Amino acid sequence: MSEGETADSRIPGAETRVIPFPRSATPPPVSFHRTELREILNLYGRMVAAGEWRDYTMDFTREKAVFSIHRRTSERPLYRIEKDPRLARRQGAYAVVAETGRILKRGHDLAQVLRVLEKPLRVVS
């Protein structure tokens with residue numbers, strides 16, 4: 001083979017083609033953005049310091065992202081904070097769901113939705 005010749009140029013009818021890599025038909029999983037996660041973890045840290053919560057889990061699927069809050073590791077979650085982008089234009093992408101499955105609050109603003117989990121202030125005398 002000479003210097004200017006490539007392997008493809010020696011084969012008659014062979015031409016160099018770029019074949020694009022096939023894209024995945026499945027969308028990436030839904031996840032929490034850094035600012036959303038900061039709001040959730042700030043609330044979680046306050047409640048851990050108060051002794052209310054002890055553990056959490058996160059689950060990211062194609063449909064929604066879920067942050068589950070547990071009183072103990074072996075128990076079912078007390079609350080689930082869900083982000084479902086499909087509901088963003090209707091009822092709001094964020095929801096707080098109780099252990100029983102009841103939706104406590106739903107909305108477009110995560111900070112507003114998380115207020116349902118805040119402990120009410122008490123007067124200390």
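**A look into the core**

A: Let's start inside. This is a predicted model, and its largest nonpolar core has 19 residues. Those with the most contacts inside the core are I40, W53, I81, L114 and L117. The largest share, four residues, comes from α2. If you wonder about the general background, nonpolar side chains in soluble globular proteins tend to be buried together.

Now zoom in on W53. Leaving out residues up to four places away in sequence, W53 touches L43, Y44, M47, V48, I69, H70, L78, Y79 and L117. L117, one of these partners, is also among the core residues with the most contacts.

β4 pairs with strand β5 (residues 103-107) in the antiparallel sense, over four bridges. Within that pairing, V97 has I103 of β5 as its bridge partner. The two strands form a hairpin with four residues between them, and in the turn G101 has a positive phi of about 100°.

L41, Y56, M58 and F60 make a nonpolar surface patch of about 320 Å². Strand β1 (residues 55-60) gives the most to the patch, with three residues. Y56 sits in β1, and Y56 counts as partly exposed because its relative accessibility is 31%, while buried would mean under 20% and exposed over 50%.

Notes. Residues numbered from 1 in each chain as written. Predicted model: local features only at pLDDT ≥ 70, side-chain atom pairs only at ≥ 80, totals over all residues. Heavy atoms only, no water. Core = buried A, V, L, I, M, F, W, Y, C linked by side-chain atoms within 4.5 Å. Buried < 20%, exposed > 50% of the residue type's maximum accessible area, 1.4 Å probe, protein only. Contact = heavy atoms within 4.5 Å. Patch = residues over 30% accessible without salt bridge, like charges linked within 9 Å, V, L, I, M, F, W, Y side chains within 5 Å. Areas by Shrake-Rupley, 256 points an atom, 1.4 Å probe, with all protein chains shown as cover. Salt bridge = Lys/Arg side-chain N within 4 Å of Asp/Glu carboxyl O. Pairing = 2+ DSSP bridges.
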